[in-house]
Structure formats: structure tokens, C-alpha cells
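Open the model in your viewer and keep the sequence panel beside it. Each stop below says what to select and what is found there.

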Amino acid sequence: ESRLDMRNTIVVYLADHGEILGDHGICGKWAYHYDACTRVPMIWRQDGRWAGGARRSAIIELGDFAPTLLEAAGIGAGPEMDGASYLPLLAGTSLPGWRDHAYVESYNGAPTDPTPPPLCWPRTIRTARYRCTFYADPATGELYDLQEDPDECRNRYADPACRAVVDEHRQRLVSRLIL
């Protein structure tokens, strides 16, 4: 009886986005950056590399997947690749200097959205505590305190008490776009 050696096999279950299946009364991802769309599950199996059943909560981006998979396969990622390998995070090792946020962008609005492109193309910075989404019109945006409002129901973007949080996230966005 032959048996597959799982120590030489990597199995990954991953999606590129969620579908917002009824959350916030929406079906389909479109240009919405709710967690139901941007947070996706990932299951990674690589026998002999780490113990099974562990959970990690570091903030990673889909752009980090290819460099991670290449490193796990023993192939170096080229400097032209976006993202960085999070392989040590999977093993439970911290990575000094690892980013504290994720960048999200989309280039499509809902079919019923009267806002013409590119005005409806949002850009989001997601940290452990906040999701802040920016649109072409600086007066329009979304800020959710995910610690106090995990279902993203109270948009605090225009709340004067949250101005510093919005400005901090805007600076992160600008840094990501120009670097």
C-alpha cells in the first residue's frame, strides 16, 4: 500500500474575498469593504512543520500569500513581488516590523450605485481595532471601531471625536500608496 508523504505536500484552503451573503442587506462583494468581504479564512497544512490545530490572528494580505508559499516550497520570492512571507507567523514566531494593518482596494461599484467610477473605488486600511475606508470625495468615508462595533453598524467617520483615528488611517493609506 503506497501512502502519500504529507511532509512533502502543502495543502492550503483560501479564498480571495467573501461574498457578503446578506450582511448589511447586501449580496455580492462589489465595492464594499465590510469584514464579511475582506476577512477570509485560511487553512494551511504542512505536516512536520508545526503542530496542527493552531490559530493565528496576525494581519496579512492576499499579496503575502505567494511569497509565503514560495518560501515554504524552498523557493525565494523575487524583490519585484508585492507582499512578504508570513511563514514564521504560521509557525508561531513573531516577525519584528510586521505591518499592523492591511490595505484593501476595489475597482467596481454595485450595479445600482449611481456614483461613476473612479469615485466609487474605495481604499481601506484595516487595523486590529478599526476599519477606515476612503473614497475620492474626502467628505465621504467609513470608520468602524471593530472592538465596540464588530458588526460594522455605526459609521463614525464624520464623528469629531474620531478625527484623529481617521487622520492616522489616512496617513497609513498615503504611505502605502506612495511607497
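**Stop 1: salt bridges.** This is a predicted model, and 16 salt bridges are found in it. Begin with Arg99 and Asp64, whose side chains form one of these bridges at 2.7 Å, N to O. The two residues come from distant parts of the chain: 35 residues separate Arg99, in the loop between H3 and E3, from Asp64, in the loop between E2 and H2. Is Asp64 buried or exposed? Asp64 has a relative accessible area of 0%, so Asp64 is buried.

**Stop 2: Arg131 and its partners.** Select Arg131 together with Glu142. Their side chains meet in a salt bridge of 3.1 Å, N to O. This pair too links distant parts of the chain, with Glu142 in strand E6 and Arg131 in strand E5, 11 residues apart. Both Glu142 and Arg131 are buried.

A salt bridge of 2.6 Å, N to O, joins the side chains of Glu152 and Arg131. Glu152 lies in the loop between E6 and H4, 21 residues away from Arg131 in strand E5. Why does Arg131 count as buried? The cut-off for buried is under 20% relative accessible area, and Arg131 counts as buried because its value is 1%. Glu152 is buried as well, because its relative accessible area is 3%.

**Stop 3: two backbone angles.** Keep Glu152 in view and look at its backbone. Its phi is near 55 degrees, a positive value in a residue other than glycine. Then go to His24, in the loop between strand E1 (11-14) and H1. Phi of His24 is also positive, near 60 degrees, and this residue is not glycine either. With 35% relative accessibility, His24 counts as partly exposed.

**Stop 4: nonpolar cores.** Which residues make up the largest nonpolar core? Select Tyr103, Ile125, Tyr130, Cys132, Phe134, Leu143, Tyr157, Cys162, Val165, Val166 and Leu173, 11 residues in all. At least two residues of this core come from strand E5 (130-134), and at least two from H4. Pick out Val166: leaving aside residues up to four places away in sequence, Val166 touches Cys132, Phe134, Leu143 and Tyr157. A second, separate core has nine residues, among them Trp44, Trp50, Phe65 and Trp98.

**Stop 5: the largest pocket.** Rolling a probe the size of a water molecule over the atoms shows where empty space is left. The largest pocket holds about 1,700 Å³ of space. To find its centre, select Thr38, Arg39, Val40, Ile60 and Glu61, the closest to that point of the 50 residues that line the pocket. Helix H1 (35-38), strand E2 (42-45), helix H3 (87-90) and strand E3 (101-105) are the elements that each give two or more residues to the lining. Colour the lining by residue type: 25 residues are nonpolar, 11 are polar and 14 are charged.

**Stop 6: Gln46.** Finish in the loop between E2 and helix H2 (65-72), where Gln46 lies. Gln46 counts as buried, because its relative accessibility is 7%. Which residues is Gln46 in contact with, leaving aside its neighbours within four places in sequence? Select Thr9, Ile10 and Ala72 to see these contacts of Gln46.

Methods
Residues numbered from 1 in each chain as written. Predicted model: local features only at pLDDT ≥ 70, side-chain atom pairs only at ≥ 80, totals over all residues. Heavy atoms only, no water. 1 Å grid on protein atoms, 1.4 Å probe; cavity = no way out; pocket = protein on both sides within 12 Å on 5 of 7 lines; lining within 4 Å. Points joined across faces, edges and corners; volume = space filled by probe spheres on them. Helix = DSSP H or I, 4+ residues; strand = E, 2+ residues; numbered from the N terminus. Nonpolar A, V, L, I, M, F, W, Y, C, P; charged D, E, K, R; others polar. Buried < 20%, exposed > 50% of the residue type's maximum accessible area, 1.4 Å probe, protein only. Contact = heavy atoms within 4.5 Å. Core = buried A, V, L, I, M, F, W, Y, C linked by side-chain atoms within 4.5 Å. Salt bridge = Lys/Arg side-chain N within 4 Å of Asp/Glu carboxyl O.
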